[in-house]
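Me: I'm new to this one, so please pick a single part and take me through it up close. After that, show me what lies around it.

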Amino acid sequence: MGIVMTVAMLLGLIVLRPTPWSNDVKGQQDLRLVTFTAAVLVLSGVWNVVWYGLRHVPEFWGWAAIVSGVSMLLAALIIFRERSNPLSGTESWLGAIKGFVVLVLAVCFMLYAVTIVQINLGLPILR
């Protein structure tokens, strides 16, 4: 399941920040990719928070699932908001937290990706 969550976070990062040096993402991406990514982020975020995170709260990976799940849900909300009303995307509270959400999503992506590599190499992981 970690690989699925990692891919979902990567898709979210691609849609939210297709190029790191440009903040403008409107009108550049295929609507099917954007819709698919937002749907995957919602499903993955709900899975991480409700199904895994809340069932494993005392553990490190339970908290990691909650943080990554909430960031995926917020990322999906930002994507839906930007694509439905491009002019008001930066004026709302979602526009104000977009940079923070992208940062948290990127950190969670890196944590999951590095852990997957560590597992495949037989190295110890965070617990």
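Reply: Let's start with a pair of charged side chains: Arg 83 and Glu 82 meet in a salt bridge, with N and O 2.9 Å apart. A salt bridge here is a side-chain nitrogen of Lys or Arg within 4 Å of a carboxyl oxygen of Asp or Glu. Before going further, a word on the numbers: this is a predicted model, where local features need pLDDT of at least 70 and side-chain atom pairs count only at pLDDT 80 or more, while totals for chains, interfaces and linings use all residues. Residues are numbered from 1 along each chain as its sequence is written, and side-chain values use heavy atoms, leaving out hydrogens and water.

(Helices are DSSP runs of H or I with at least four residues, strands are E runs of at least two, and both are numbered from the N terminus.) Put together, Glu 82, Arg 83 and Lys 98 make a network of salt bridges.

How covered are these residues? Both Lys 98 and Glu 82 are buried, where buried means under 20% relative accessible area, exposed means over 50%, and partly exposed is in between (1.4 Å probe, protein chains only). Glu 82 counts as buried because its relative accessibility is 6%. Arg 83, at 22%, counts as partly exposed. As a general point, side chains of opposite charge can pair when their charged atoms come close.

By the rule above, the count of salt bridges comes to three. Asp 30 and Arg 32 are also joined by one, 3.1 Å from N to O. Here Asp 30 is partly exposed at 39%, and Arg 32 is exposed at 65%.

H4 covers residues 93–121, which makes 29 residues, and it reaches 42 Å from first C-alpha to last, close to the 42 Å expected. (The expected span is 1.5 Å times one less than the number of residues.) H4 has a kink of about 40° centred on Gly 99; the bend at a residue is the angle between axes fitted to the seven residues ending there and the seven starting there. The buried residues of H4 include Lys 98, Val 101, Val 102, Leu 105, Cys 108 and Tyr 112. Their cover includes helix H1 (2–16), helix H2 (31–53) and helix H3 (60–84).

Ser 92 is buried, with a relative accessible area of 16%, and its C-alpha is separated by 10.0 Å from that of Ile 78, 14 residues away along the chain.

Setting aside neighbours within four places in sequence, Ser 68 is in contact (heavy atoms within 4.5 Å) with Met 9, Asn 48, Cys 108 and Tyr 112.

Asn 48 takes us to H2, where it is one of the buried residues, along with Leu 41, Ser 44 and Val 49 among others. The buried residues of H2 pack against H1, H3 and H4. H2 has 23 residues and reaches 31 Å, close to the 33 Å expected, with a kink of about 25° centred on Trp 47. Trp 47 turns up again at the surface, in a nonpolar patch with Met 1, Val 4 and Trp 51. Met 1 comes in the segment before H1 and counts as exposed at 55%.

Stepping back, the protein chain has four helices and zero strands, in the pattern α-α-α-α along the sequence. Of its 127 residues, 37% count as buried. Among contacts with a separation of 6 or more, 66% are between residues 24 or more positions apart.

Terms used. Patch = residues over 30% accessible without salt bridge, like charges linked within 9 Å, V, L, I, M, F, W, Y side chains within 5 Å. Areas by Shrake-Rupley, 256 points an atom, 1.4 Å probe, with all protein chains shown as cover.
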